[in-house]
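Please look through the sequence and the model first, then read the points below.

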Amino acid sequence: MEQLFVRRNSFGHIANNVARPLRVIATCAVDTEPWSVTVDEMGLAVRTGNSIQASGKLGDLIAGLTKVLFDTNHLADVGPLYPTLATTRLQPRLARRAKFLKSHSEIRHNLEDRKRAERLPDRRAFWELVRIVMTEQPLTFMDELRFAAIRIMILTGFRIGEATLLPAEWRTDRHYYDSKQQPAGELGGYSQSLMIRHFAEKQQAKNADSRVLVDRTHYVPQMFEEIVTETLTRAAEITSPLRNTLRKQTETGRVLPDFALSELAPITQIYTRLTGNAFWLDVSEEQKRSWIQKCRNNYSIECFDELQKMQEQRCIHSQGEMSAAARIYFRRMTKYDGSHALVLRNSGGTAISVGGRRDMSKVFVKIGDLENYLRVASASKLSDTEPFRLTDRSFASWEFLFLHPKRSLAEERNKGICDITRYAAVGRPDTTLVNLSLGEQKSCDTLFKRYGQSDDDKDLVLTSHTLRHLQNTELLRLGVADTIISKRFNRRSVAQSYEYDHRSLAEELDQLELPVEVEMALGDKASTVAKMIQSGRASGPIVDAFKRIQGSEGDTAAFEFLKVEADGFHATPYGHCVNSFTVDPCPKHLECFSGCRHLSATNLPENRSHLQTLELKLIAAVETAEARPSKSIGRTNQIQHAKVRLDGVRTLLATKQGEKPFPDGPDLSLPRRTGVMDG
C-alpha cells in the first residue's frame, strides 16, 4: 500500500525490488510472525538471496529493505536490524572494488589519476562501442535502433530510459532575438539552436505519481546538431510503418485493423502479419539474401510490397509452394489444447483440415476467429497499446520514437528479415533495448560479440550509465560552468553534478587560471603548486611562507619565492605533501599518517586502498602484541607505536579531500630542538 499509493512507485519496481525480497524473508522466517523476526533470520535471508542471485543484487535488496521497511517503521520487536547486516551488504562491493583496482597492470600514483574512475567506462570498451555504432552497418532492424539510441546517449549523456523513450516528435527549435526583434545571428550570436524533447527521469515531486512522464528539453551543441538530426530522423523514418500500425490498433482496439472482422483472408497474407517473416514462399538462399539486403537499405513500404507481390505471382503461376515453416506454424495453431484452437476454412467459409499436401494458398481464416485466438493463445505478442500519462495529458504508445517489432524471431534468431510494414506485434521501447546489448546484464549476444574485430573485443562489456558520468566529467574538464551542466542534465542542484565529477587533480587544476606571464615564469611544477594553493588543496610551511610573503611584499615576491621552492610538492601513497626535501630527506620517512602537518588528504582510490590495507596490518600488529604475556618496556613501546599510527591512519581516512588531517602536528621543517643528551 505504501509503495503503490504513497510512494507511487511503478509495478515493475515493486515486484522486483520489494515483493521479491519480502518473499525470500518470509520463506526464511516461515514459522515467525513479522514482528518477531530476528537478526539471525534476516542474515539467513541475505545469504539465501546471495545464493539465488550470484551477483549479490537480491541479497543487497533484502538488507536494504530491512533498513527502509522494518527499521524505519519499527516493525520488529528487536531492532534496529540493519546495522548487523550492513557489513554483509557492503562486503561484495568492497570485493568488487578491490578486484577492479587489482585488474590494472599498472597503477599510476600521480596527478593524472582520475577519482572514482570505476564509474567511468573502460577506455577500450568505450572506443570500441564508438567504432561500432558510428561505422558498422547494422545487421538487423533492432540493431539499427540500438545504434541510434547509443549514439544519442554518447552525444547527450541521457540516461538509458531517457534515450529509449524519446518521443517521435523529438525536435524543438529555439530562436533568439534581441530587444528589437532582430535575429541574434546578425549581431554576432546564434539565431537558432536545436533542442531534443525528452522525458526526464528523477523529476517527480515528493509523493507524486512516479509513472507520470515529465516533459523536458535538452540543448544540442552546434557541433553535434548534424549527427543528432541525421540519427533521429532516420530512426523516425524506419519506424514509421510500425507507428502507423500501432496507431490503428490503438484507435480501433483491433489486432488486425486492415481487415474486417467478418472477412476471410488467405493465410499467405496472414503469415507475415503474425510472425514478421517476410518470406512465406520457398525461395532460394541466393534470392533471399538479395531481397534481405535490398529491404534492409531503407525498410521502405515499396520494397516490402514488391517482395510480397513477387511471391504472390510465383504462387499464382505454380512456381513455388508455401514454406515448410509456414505450414507447420498454421498446423500448430489448429491443434486443440483444451481451451482454444484456430479454425481454417476454404474460400466458401467452410472449416477444413490442413493435413496432407493441400495447396495452402487456397486456405483461409476468418479474421474475427483469428483475433479471438490471438488474444487468448498469444497474449504476450499483442501490441503495447496502453497509454502513458504526462502532467497535462495522456501520451499514446505510438507517439514514441524507438518502436520495434515484438519478438521478431525471423530476423533476430533466424537471420532473416522482419516485414515491419505488415507485422502486427508492435512493442514500445524500454531499457532492455540497449542494456542487454552492452552486456550490462548477462546476455549471450551483445553488440561487442556481433561486431567486435578481435576475440578480446568480443568479450568487452560496458555499463550504459557510465556514458553519463563521462560526459559530465568532460564538460567540467573543459571549463563549462557547473550551473550550465546542472541545467543540461535536469538536476535540481549544482551539488548533484559534482557526484559525476571524476576529473583528476591535474584536470581540476587546469581550470584554475594564473596570469600568463606568471605561469610562463614559474614553469609546470611551480604553476601546479600555485594552483593548489589557490584552490586550498595544499598546506605546509611553503604554503604558509608563500601567503605571508604575498601579504607583506605582494604577488611578485611570493611567486619568485615559489619558483625557488617549487620542489616542495610531492604525491605520496597516502596523500599530497607540500614540504621541501632539497637539503634533508623526509623526517618521517614517508610515515605521513603519524601526525605530519604537511599532509593533505585526497579521495584518490589508490590512496584509500593503501590506507585501508595499512589499517588492517596495524590492527593485526596491535592484537598480536597485546596477546603476548610479556610485560616488558619494549612490548609497551611497540603497542604504543602501533596505536599512534593506527589512530593517524583512521584520522586520515575520515578527513575530507583537501583538508589537513593533522593541522596541529609538529612543523618538521624546523630544526630539531637539542636535548640534554645531544653533544
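Two strands count as paired if DSSP finds at least two bridges between them. Strands of a sheet pair through backbone hydrogen bonds, either parallel or antiparallel. The model described here is predicted. The protein has 679 residues, of which 45% are buried, and it contains 28 helices and 13 strands. Among contacts with a separation of 6 or more, 67% are between residues 24 or more positions apart.

**The five-stranded sheet**

- Five strands make up an open sheet with mixed pairing, in the order β1-β2-β3-β7-β8.
- The edges are held by β1 (171–175) and β8 (394–395); each has a single partner strand, so one side of each has no neighbour in the sheet.
- Strand β1 runs antiparallel to β2 (residues 192–200), and five bridges join the two.
- Within this part of the sheet, His-175 is placed opposite Gln-192 of β2.
- Helix α9 (residues 225–238) packs on the sheet and touches β1, β2 and β3 (212–220).
- The direction of α9 makes about 50 degrees with that of β2.

**Helices α2 and α4**

- Helix α2 (residues 11–28) packs against helix α4 (residues 57–71) at an angle of about 95 degrees, and their axes are 9 Å apart.
- Angles of 65 to 115 degrees count as roughly perpendicular, and α2 and α4 are therefore roughly perpendicular to each other.
- On the α2 side, the contact is made by Asn-16, Asn-17, Val-18, Arg-20, Pro-21, Leu-22, Val-24 and Ile-25.
- On the α4 side, the residues are Leu-58, Leu-61, Ile-62, Leu-65, Leu-69 and Phe-70.
- Sorted by class, the contact of α2 with α4 has 11 nonpolar, two polar and one charged residues.

**Aromatic pairs**

- There are 10 aromatic pairs in the structure.
- One of them joins Phe-141 and Tyr-299: the ring centres are 5.0 Å apart and the planes stand at 80 degrees, so the pair is edge-to-face.
- Phe-141 belongs to helix α7 (residues 141–156), whereas Tyr-299 is in the loop between α12 (285–296) and α13 (301–316), so the pair ties together parts 158 residues apart in sequence.
- Phe-141 is buried, at 0% relative accessibility, and Tyr-299 is buried as well, with a relative accessible area of 2%.
- Phe-388 and Phe-400 form another edge-to-face pair, with 5.3 Å centre to centre and 90 degrees between the planes.
- Phe-388 lies in strand β7 (residues 388–390), and Phe-400 in the loop between β8 and β9 (404–405), 12 residues apart.
- Buried means under 20% relative accessible area, so Phe-388 counts as buried at 18%.
- Phe-400 is also buried, at 0% relative accessibility.
- Phe-388 and Phe-400 are part of one aromatic cluster, together with Phe-199 and Phe-395.

- Ser-464 sits in the loop between α19 (455–458) and α20 (466–477).
- Its relative accessibility is 3%, so Ser-464 counts as buried.
- Apart from neighbours within four places in sequence, Ser-464 is in contact with Met-153, Ile-160, Leu-438 and Glu-440.

Conventions
Residues are numbered from 1 along each chain as its sequence is written. This is a predicted model: local features need pLDDT of at least 70, side-chain atom pairs count only at pLDDT 80 or more; totals for chains, interfaces and linings use all residues. Side-chain values use heavy atoms; hydrogens and water are left out. Axes are lines fitted to C-alpha atoms, for helices over the stretch in contact, and angles run from 0 to 180 degrees between N-to-C directions. Helices (H or I, at least four residues) and strands (E, at least two) are DSSP runs, numbered from the N terminus. Angles under 35 degrees count as roughly parallel, over 145 as roughly antiparallel, 65 to 115 as roughly perpendicular and the rest as oblique. Contact means heavy atoms within 4.5 Å. Ala, Val, Leu, Ile, Met, Phe, Trp, Tyr, Cys and Pro count as nonpolar, Asp, Glu, Lys and Arg as charged, and the others, Gly among them, as polar. Rings of Phe, Tyr and Trp (its six-membered ring) pair if their centres lie within 6.5 Å; planes under 30 degrees apart count as stacked, over 60 as edge-to-face and the rest as tilted. Buried means under 20% relative accessible area, exposed over 50%, partly exposed in between (1.4 Å probe, protein chains only).
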